[in-house]
Amino acid sequence: MNCFMFPGQPLSHSGTLPDDADFCQIAQDTRERAGLNLNDFTWTGTPSTGSVALQVYGVAMSLYRKRLLVREEIRPRLIAEHSMGIYPALAASGALPEGDALELTARIGRCMSVMSETGSYALGCIVGLPGEIVISIAENNGVFMANHNTSRHFLLSGERRSIESLEAEALARGAFSVKLFPCDAPLHTPMMEAIGDKLQEIITDYRYGEPAVPLMNHIDQSFLTAADVPDFLLRELLLPVYWEKSYLALRKAGVTRYHEVGVGDALKKYNRWIESEAARSL
Amino acid sequence: MEEELINQVKQLIIDSLRIEGMNPDDIETDAPLFGEGLGLDSIDALQLVVAMEKDFGVIVPDAATGTVVFQSVRSIARYIAENRK
């Protein structure tokens, strides 16, 4: 059973882009609906931040790769998503047109970027520590768990100075790797409630159809209905991503092939870790 | 350093990272593993740490050691040779 997995925002963009008809169509939609020129990474209208550009780029590339898979007659029986991968996942499930997914991504991104005008935020990627220690580090430094990807791969989110201050503690407590990434807003934390009303206004501007392919959400691993989508789109910005739970639920649902539909292969690597850990425990 | 250990490390990388369509001969012994080399990242590195412990009984205790060990196949093999029981 095939599953299409849609990853979240990439951390960088590739200088080399495809030049086939599908990509040209996606690039045109991205210019027209999101205001981003993918070819030179410039804004066609009001400029926004690099983070917003990466969010739009990630969604565009997911939509493009989904088209390629479908051209190869590879179709999903289930769809899963991670963080901002929800927007192309909605499009792939038939719940939202591709153009709306691009526009929605850009509008949500721009709304979040306003937080960077009055605050400074970052993400901290911690590899190698168990969850209880990472939670303790988060609490000690006043930040939040944003991604629970596997038993040893986590993302913390919060104010930049707090994220920077936890690096030394994480390394001292045995982290294998700690990396910090500046961002516009404290994504996947309760701090996003500060712009909750504005996000809600954007989300309710769109009409969401019933997913034609079952779409598993990354919070509680249930399948989204059309009625669930608006509430989920807001909640997912305030709550952590639980990828390990999603993968285990997908496996339990009978998925045998996982296609990562987007930039990079982080989700496949998380799956590999979860699988190998399960094998070690046998 | 034994060529056999070098090849074992290459096979360990292929097996533990589940790299499809690659043979040990395809991996350069001295090429960087991260970035422009094999393109590995910290998720891969942690997978290698676990595999090294399982297959060779060698522990990479901290991030600083990992930075030194995971420069290339040769540096991994050297670390294993020096630390295995």
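## Cores, pockets and domains of a predicted model

Of the 96 residues in the largest nonpolar core, those that touch the most other members are Ile108(A), Met112(A), Met52(B) and Phe70(B); a nonpolar core is here a set of buried Ala, Val, Leu, Ile, Met, Phe, Trp, Tyr and Cys residues joined through side-chain atoms within 4.5 Å. Helix 2 (residues 50-71) of chain A gives the most to this core, with 11 residues. Because domain 1 (2-116 + 189-280) and domain 2 (118-183) of chain A both give residues to this core, it lies between them. Ile108(A), when its neighbours within four places in sequence are left aside, is in contact with Met84(A), Tyr87(A), Leu199(A), Ile202(A), Ile203(A) and Leu237(A), where contact means heavy atoms within 4.5 Å. A second, separate core has 15 residues, including Ala122(A), Val143(A), Leu156(A) and Leu166(A).

This is a predicted model, in which local features need pLDDT of at least 70 and side-chain atom pairs count only at pLDDT 80 or more, while totals for chains, interfaces and linings use all residues. Residues are numbered from 1 along each chain as its sequence is written, chains are lettered from A and ligands numbered from 1 in the order in which they are written, and side-chain values use heavy atoms, with hydrogens and water left out.

Chain A is divided into domain 1 and domain 2, with bounds that come from an automatic or database domain assignment. The centres of these two domains of chain A, taken over C-alpha atoms, are separated by 23 Å, and their contact takes 18 residues from domain 1 and 19 residues from domain 2.

The two pockets of the table were found on a 1 Å grid over the protein atoms alone, a pocket being an open set of points where a 1.4 Å probe fits, with protein on both sides within 12 Å along at least five of seven lines, and lining residues having an atom within 4 Å of a point. A volume is the space filled by probe spheres set on the points, which are joined across faces, edges and corners.

| Pocket | Volume | Lining residues by class |
|---|---|---|
| Largest pocket | about 1,100 Å³ | 21 nonpolar, 16 polar, six charged |
| Second largest pocket | about 760 Å³ | eight nonpolar, four polar, 10 charged |

In these classes, Ala, Val, Leu, Ile, Met, Phe, Trp, Tyr, Cys and Pro count as nonpolar, Asp, Glu, Lys and Arg as charged, and the others, Gly among them, as polar. The largest pocket is lined by 43 residues, and Gln9(A), Pro10(A), Leu11(A), Val263(A) and Ala266(A) lie nearest its centre. Its lining draws at least three residues from each of domain 1 and domain 2 of chain A, and helix 10 of chain A gives the most to this lining, with four residues. Helix 10 of chain A also gives the most to the lining of the second largest pocket, with five residues; helices (H or I, at least four residues) and strands (E, at least two) are DSSP runs, numbered from the N terminus.

Asn147(A) is found in strand 6 of chain A and, at 5% relative accessibility, counts as buried, a term for residues under 20% relative accessible area, with exposed over 50% and partly exposed in between (1.4 Å probe, protein chains only). Ala89(A) has its place in helix 3 (residues 86-93) of chain A, and at 0% relative accessibility it counts as buried.
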